[in-house]
Amino acid sequence: MNTLLEVKGLKKYFPIRAGLLGKTQGFVKAVDDVSFTVHEGETLGIVGESGCGKSTTGRSIIRLLEPTAGDVVFKGQNLTGLKGEELRKMRRDLQIVFQDPYASLNPRMTVGAILEEPLKIHGLAGTTERRQRVKDLLDIVGLTEHHYNRYPHEFSGGQRQRIGIARALITKPKLIVADEPVSALDVSIQSQILNLMKDLQEQFQLTYIFISHDLSVVRHISDRVGVMYLGRMVELAPKHELYDNPQHPYTQALLSAVPHPDPREVRERIILSGDVPSPANPPTGCAFHTRCHACMEICKTDRPELKQTTEGHWVACHLY
């Protein structure tokens, strides 16, 4: 498979300012040295607890947030060095679907105007063609051309997310970052949106980075899964390998908490002790050592590198 995206040593630090002059007192290390690749046509799932940096990673990749350090190479071109017109042209191939479809849609614009706007910005079609492309896309995502002149508040949550997906598709992108696209929806609607995304991926040859905290959802839609903890990638593997053979203690704890449909099956529940440390003051060594049942002395001082243990399975842990 061809590599579409390569992320190398990505960091995103937010300054902590205090005092009358607003001097920088420290940094929140939201993303701290994350590296991975995404292949054409695949779905890479990124999971982890709230605050682990998964959404910040997605937004930094497409430059909605400016990375503090690192490289994001898309189709052989480093995005972190692009500015102005070069970046605007590249953004046609990089789109995002947000978690809250209502907050991400302009309430003063009709659906037609919302979907036509990216075409206007990039100069991709004339007035008549823009209107027709929008109507065709509405039909593809499960809406109709009668929704063209309606406003976002006239739609349900699931319908609004379909509009958000249509907006991401309108420029015919290569890569879509889906930032928890179904977490705000009812369970029955979640399955409809996930199935729609899989159908669209096949129809338009899309590549997804699917960000979620729901391990069951990620298993359904992903080809490979990356697990993040406190701004760092701790495990990355094909989904069947990760779910059947989790190696990092944090991944094992996460999977032990997933509900199982068979009530007669008894599984060992791994309870993590303590709270998640602050990303403003992360622990030395392995970030997870303060909560890990397998902690060794080396874990407290040396940060483990993400290394390949078996074919395609990468783990950042001193146990391996």
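Leucine 230 occupies the loop that joins strand E9 (224-229) to strand E10 (232-238); helices (H or I, at least four residues) and strands (E, at least two) are DSSP runs numbered from the N terminus. The model is predicted, so local features need pLDDT of at least 70 and side-chain atom pairs count only at pLDDT 80 or more, while totals for chains, interfaces and linings use all residues. Residues are numbered from 1 along each chain as its sequence is written, and side-chain values use heavy atoms, with hydrogens and water left out.

Although leucine 230 is not a glycine, its phi is positive, at about 50°. Leucine 230 counts as buried, at 6% relative accessibility; buried means under 20% relative accessible area, exposed over 50%, and partly exposed in between (1.4 Å probe, protein chains only). Lysine 172, also not a glycine, has a positive phi near 55°. Lysine 172 sits in the loop between H5 and strand E7 (175-179), and with 58% relative accessibility it is exposed.

## Glutamine 161 in helix H5

Helix H5 (residues 157-169) contains glutamine 161, which is buried at a relative accessible area of 1%. Apart from neighbours within four places in sequence, glutamine 161 is in contact (heavy atoms within 4.5 Å) with Val97, Phe98, Gln99, Pro101, Pro181, Leu185 and Ile193.

Cysteine 292 is buried, with a relative accessible area of 18%, and cysteine 299 is buried at 9%.

## The chain as a whole

The chain holds 10 helices and 12 strands. Along the principal axes, the C-alpha atoms fill a box of roughly 65 × 60 × 45 Å.

Of the 320 residues in the chain, 49% are buried. Among contacts with a separation of 6 or more, 63% are between residues 24 or more positions apart.
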